[in-house]
Amino acid sequence: MSILNIRKLFNKAGLVKKYNSVYKYIYYENAQFVCHYCGVSADTVDHVPPLSCYEDAKIYSNIDFVKIPCCRECNSLAGNKFHLNIFERNEFLFNRYKKRYKKLLNMPTWDKKDLKELGSSLRKKIKNDLNRKNIIEERINFIKNNLTENFAL
Ligand SMILES: [Zn+2]
């Protein structure tokens, strides 16, 4: 691990220690172990607004400091971006995932007959990519549904 990463971890631990108790832990629909943003299993906690923005965010009135279950990928993509609420983070992640997986999402669909004509290693690769594409599409749709839901805090 590089010095920079160690420093980052150290800073994060310091911020958690300093501000964690201000943030209220919330779940949606009792989904403690599901990433609030994309719906896959959650193994991290996302602080909104981010811990690193706490000092800047607290000058705004009507800000709820919340923490929610989150997957590693959403957490690291949204990271320290200055979002004041979950809705802003949802919107950011929706666009970010579409951009990040653009190539995969633009991949054409294949019918079984065409797949059969391919060599086995290429067929395996394409099937694998189609699988990944499905998963990403499901996650993006999950984020999209969050955007249309009206979740008042
Ligand atoms: Zn996620």
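**Exercise 1. Find the residue that is the bridge partner of V45 in β3.**

Step 1. Strands are DSSP E runs of at least two residues, numbered from the N terminus. This is a predicted model, in which local features need pLDDT of at least 70, side-chain atom pairs count only at pLDDT 80 or more, and totals for chains, interfaces and linings use all residues. Residues are numbered from 1 along each chain as its sequence is written.

Step 2. Take β3, residues 66–70. There, P69 is the partner of V45.

Step 3. Widen the view. β2 and β3 run antiparallel, joined by five bridges. Two strands count as paired if DSSP finds at least two bridges between them.

**Exercise 2. Work out the strand order of the open sheet, and why β1 and β2 each have a side without a neighbour.**

Step 1. β1 pairs with β3 in the parallel sense, over two bridges. K24 faces V66 in β3, and Y25 faces K67.

Step 2. The three strands therefore read β1-β3-β2, with mixed pairing.

Step 3. β1 (24–25) and β2 (44–48) each have a single partner strand, so one side of each lacks a neighbour in the sheet.

**Exercise 3. Describe the largest nonpolar core and the contacts of C35.**

Step 1. A nonpolar core is a set of buried Ala, Val, Leu, Ile, Met, Phe, Trp, Tyr and Cys residues joined through C-beta atoms within 7 Å. Buried means 20 or more other C-beta atoms within 10 Å of the residue's own, placed from the backbone.

Step 2. The largest core has 16 residues; C35, Y37, C70, C74 and L93 have the most contacts inside it.

Step 3. β3, α3 (72–78) and α4 (86–100) each supply at least two core residues. Helices are DSSP H or I runs of at least four residues. The largest share, four residues, comes from α4.

Step 4. Leaving aside neighbours within four places in sequence, C35 contacts V40, A42, P69, C70, C71 and C74. Contact means C-beta atoms, placed from the backbone, within 7 Å.

Technical notes:
Buried ≥ 20, exposed ≤ 12 C-beta atoms within 10 Å, placed from the backbone. Contact = placed C-beta atoms within 7 Å.
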